[in-house]
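The sequence and structure come first.

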Amino acid sequence: MTGEFMQLKIWHKMIIGISIPALLTLIGGLWSYKYINDVKKRHSYVQIADDLKEDVLEVRRNEKNYLNYRDHEHFKQVLASITVLTRSIKMISPATIDEIGKDEFLLLNRTSTNYSTVMEKLHAHFHQEKQSIEKVREEGRRLETFAATGEHKVGLSTNFILNLRRLEKNYMLFRDRDSFTQLDNALSQLKGMVESCYDCMPYVEAIRDLFASYEKSDSGIGELQISGNTLEEITDRIARRERQHIETFFTITQRFTLIALILLCTLGPMLVYGTASYIVAPIIRLTEITKKIAEGDLSLRAPIKEHDETFTLAVSFNTMLDHLQLSHKSLEKSMELLREKQEEVEKCASVGLLVSGVAHEMNNPLNNISLTAETMKEEMDVLSHGELNECLQDILNQSDRAKRVVENLLNYVGARKSSAVERLDINSVVNESVNLITNELMVTNIHLNKNIPYTPLYVKGDHNKLEEILVNIMVNAIHALKDADPGVLSVSISHEQADGQVLISIGDNGHGIPESDLKNIFEPFFTTKPTGLGTGLGLPVARKLAREHYGEIEVESKEGEGTTFKIRLPVYEENV
């Protein structure tokens with residue numbers, strides 16, 4: 001019963017601790033949902049205002065085109081855009097109009113209707129204006145003909161009439177105050193010169209009618225532009241007001257969010273503290289005991305309190321410790337036996353790997369000796385005395401190399417130290433190393449791409465050890481080129497003057513090394529070659545020898561594209 005009571009007590013506290021944050025979250029969620037809906041609704045109002053503004057701008061654009069061309073086609077375009085604006089206004093629901101502003105929409109309707117009426121009147125004025133212009137031109141031509149016949153008074157000359165027609169054309173073209181004044185003065189002069197010239201009166205009356213038509217048109221244009229400006233102002237005002245509503249919503253949201261954060265930062269720690277007082281504190285006690293047990297003290301046990309929230313947990317914890325202590329003693333005995341067996345296995349494996357490594361390192365010079373001996377046997381009758389000496393010298397060199405391999409392996413395990421250090425031309429050392437693997441290149445049909453400068457480049461080191469490094473890496477490259485067609489082995493030397501180093505690059509276009517294996521290739525006994533082709537001692541020996549020369553070996557490889565080894569050695573200096 002005590003355990004059930006404690007569980008009910010814990011559940012009661014958990015429900016209280018969860019209910020309060022859940023209630024706050026629910027209230028905040030409902031409030032956020034309401035405000036998001038309001039913002040969404042106001043955003044749709046902004047879209048409506050922007051659409052109306054676009055319609056008004058389209059009306060004004062067509063208005064400008066019509067005022068420029070004043071033809072029936074552009075007049076129809078203006079009417080069509082006004083119709084689109086009117087239809088857009090009518091499609092807005094009454095509820096939306098009430099939300100946005102009923103007075104604004106009433107003014108917008110009246111202004112659009114007035115704009116349409118003024119446009120129609122202006123179109124009629126333009127039509128009348130065209131008739132007046134044709135009338136003026138017709139009467140002007142008659143007046144020119146009349147002046148040319150000479151049946152007029154002396155003051156009415158042809159030059160005067162032509163100047164009058166020029167002023168008429170300027171007025172029609174510019175329609176400004178200066179051209180109007182000049183034409184009006186000329187007409188007054190014409191009336192003063194020939195008061196009884198009845199043939200001149202129709203032209204004067206036509207000009208006066210044109211003055212009146214232009215005045216009506218200008219008045220209509222002014223009224224039209226006032227209505228258009230009013231349309232733009234109304235739509236701009238609606239759009240600005242709705243955007244201000246959205247900005248207000250955001251401001252209120254920011255304030256409420258800040259208030260919520262303040263409440264969370266103040267009430268949250270209080271809730272956490274209350275929860276920790278009832279639940280977390282006993283768990284902390286168990287945690288401290290667990291740390292001491294993790295340090296090796298399995299004799300500790302959790303204190304058991306019947307009215308504690310962790311009563312059941314403490315009982316289970318102590319039972320687990322009892323079983324764990326028994327298992328730990330059994331495991332210690334098993335681990336001791338396992339270590340003894342493992343040491344025996346490792347000794348056997350190390351001996352086997354060492355023997356395999358020695359065979360791998362000795363195989364290269366022995367193979368070269370075998371190939372040279374077979375060449376001498378098969379071509380003994382055709383070889384000259386000098387060629388035989390070269391073959392014998394090659395055999396001696398390879399025998400000496402085998403001796404050096406053994407010495408290097410002894411150096412790697414620390415059994416022997418070498419001090420055969422001298423000033424060497426690294427170009428010559430690389431060339432000699434390449435010559436040592438020439439036979440294998442010919443047998444495996446691998447193309448050699450060599451870029452070695454003629455200018456001597458000196459380093460300080462052991463000739464045989466440097467040769468061992470180079471041959472070892474080149475032989476590995478030949479193995480990697482087994483399936484390449486065509487296989488290419490690249491060997492190059494460069495002088496990095498800024499770092500004072502010699503860079504020897506040995507690359508191949510073989511299968512490459514997997515990225516997961518790159519970090520392990522210099523580890524002793526690690527190999528990616530098939531069984532029998534390598535033991536994993538070649539590259540560790542090469543790196544050890546390079547570091548003896550204060551150098552380093554780096555590798556770059558990409559699976560399927562090839563591998564490049566870079567050997568860096570310090571350039572020889574006289575004071576070193």
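Predicted model: local features only at pLDDT ≥ 70, side-chain atom pairs only at ≥ 80, totals over all residues.

Residues are numbered from 1 along each chain as its sequence is written, and side-chain values use heavy atoms, with hydrogens and water left out.

Rings of Phe, Tyr and Trp (its six-membered ring) pair if their centres lie within 6.5 Å; planes under 30 degrees apart count as stacked, over 60 as edge-to-face and the rest as tilted. The count by this rule is six aromatic pairs. One of them joins Tyr66 and Phe75, a tilted pair with 5.8 Å between centres and 50° between planes. Tyr66 also pairs with Phe126: the centres are 5.6 Å apart and the planes at 45°, so this pair is tilted. The Tyr66–Phe126 pair links distant parts of the chain, 60 residues apart, with Tyr66 in helix H1 (residues 2–69) and Phe126 in helix H4 (residues 102–149). Helices here are DSSP runs (H or I, at least four residues), numbered from the N terminus.

Buried means under 20% relative accessible area, exposed over 50%, partly exposed in between (1.4 Å probe, protein chains only).

| Residue | Relative accessibility | Class |
|---|---|---|
| Tyr66 | 0% | buried |
| Phe75 | 7% | buried |
| Phe126 | 3% | buried |

Elsewhere, Tyr171, Phe180, Phe211 and Tyr214 form one aromatic cluster.

A charge sits over a ring if NZ of Lys or CZ of Arg is within 6 Å of the ring centre and within 35 degrees of the ring normal. Arg423 is placed over the face of Tyr458, 3.6 Å from the ring centre. Over the ring of Phe522 sits the charged end of Arg543, at 3.8 Å from the centre.

Technical notes
Helix = DSSP H or I, 4+ residues; strand = E, 2+ residues; numbered from the N terminus.
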